[in-house]
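Colleague: I'm new to this one. Can you walk me through it?

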Amino acid sequence: MSNLQMLTQEEVATMLHAHVTTITTLREVGVLPAIKTGKNFMFSQESLRKFQQDYAGYDVSNRVKAIEAYNSVNKLQGGY
């Protein structure tokens, strides 16, 4: 059952050594999918693993770069 544990934006930010606003940006762009639970967003451990795998080598440090990376990853995976 431990693999069902969900993480908050703050926990994800701590794990990735990033600011919470960066995690918000990645969520809004679609780079890091989340589930909205009431007022909060929760992230699965699997979505973090997929993020690490899919975006290795990409710069997602701001919104523009995150969108470019998102488009590149989707193109490689046969999206749009």
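**Contacts and overall build**

Modeller: In the protein chain, take the contacts between residues at least 6 apart in sequence: 44% of them join residues at least 24 apart. Contact means heavy atoms within 4.5 Å.

Colleague: What kind of model is it, and how are residues numbered?

Modeller: This is a predicted model, where local features need pLDDT of at least 70, side-chain atom pairs count only at pLDDT 80 or more, and totals for chains, interfaces and linings use all residues. Residues are numbered from 1 along each chain as its sequence is written, and side-chain values use heavy atoms, with hydrogens and water left out.

Colleague: How many helices and strands does the protein chain have?

Modeller: Four helices and three strands. Along the sequence the pattern is β-α-α-β-β-α-α. Helices (H or I, at least four residues) and strands (E, at least two) are DSSP runs, numbered from the N terminus.

Colleague: What radius of gyration does the protein chain have?

Modeller: The value is 12 Å, which agrees with the figure near 12 Å for a compact globule with 80 residues. The radius is taken over C-alpha atoms, and the globule rule is 2.2 Å times the number of residues to the power 0.38. The C-alpha atoms fill a box of roughly 30 × 25 × 25 Å, taken along the principal axes.

Colleague: And what share of the 80 residues is buried?

Modeller: Buried residues make up 31%. Buried means under 20% relative accessible area, exposed over 50%, and partly exposed in between, using a 1.4 Å probe and protein chains only.

Colleague: Sheet next. What is the strand order?

Modeller: The order is β1-β3-β2, in an open sheet of three strands with antiparallel pairing. The edge strands are β1 (6-8) and β2 (35-37), and each pairs on one side only. Two strands pair if DSSP finds at least two bridges between them.

Colleague: How are neighbouring strands turned against each other?

Modeller: By 45 degrees on average, direction ignored. Axes are lines fitted to C-alpha atoms, for helices over the stretch in contact, and angles run from 0 to 180 degrees between N-to-C directions.

Colleague: Which helix packs on the sheet?

Modeller: Helix α1 (residues 9-16) does, touching β1 and β3. The direction of α1 makes about 85 degrees with that of β1.

Colleague: Over how many bridges do β2 and β3 pair?

Modeller: Three, in the antiparallel sense, with β3 covering residues 40-44. Thr37 stands opposite Asn40 in β3.

Colleague: Back to α1. Which residues are buried there?

Modeller: Gln9, Val12 and Ala13. Seen down the axis of α1, they fall within an arc of 100 degrees, so they line one face of the helix. The arc is that of the directions from the helix axis to the C-beta atoms. Thr14 and Met15, on the other side of α1, are exposed.

Colleague: What do the buried residues of α1 pack against?

Modeller: They pack against β1, α2, β3 and α3. After α1 comes His17, whose phi is positive, near 55 degrees.

Colleague: New topic: charges. How many salt bridges are there?

Modeller: Four. The rule asks for a side-chain nitrogen of Lys or Arg within 4 Å of a carboxyl oxygen of Asp or Glu. Side chains of opposite charge can pair when their charged atoms come close.

Colleague: Which parts of the chain do Glu28 and Arg63 link?

Modeller: Distant ones, with Glu28 in helix α2 (residues 20-29) and Arg63 in helix α4 (residues 63-76), 35 residues apart. Their salt bridge is 2.5 Å, N to O. Glu28 is partly exposed at 46% relative accessible area, and Arg63 is partly exposed at 39%.

Colleague: What about Lys50 and Asp54?

Modeller: Their side chains meet in a salt bridge of 2.7 Å, N to O. They are four residues apart in helix α3 (residues 45-54), so about one helical turn separates them.

Colleague: Is Asp54 buried or exposed?

Modeller: Asp54 counts as buried, at 18% relative accessibility. Lys50 counts as partly exposed, at 42%.

Colleague: One more pair. What do Asp59 and Lys65 do?

Modeller: Their side chains form a salt bridge of 3.1 Å, N to O. Asp59 is partly exposed with a relative accessible area of 37%, and Lys65 is partly exposed with 35%.
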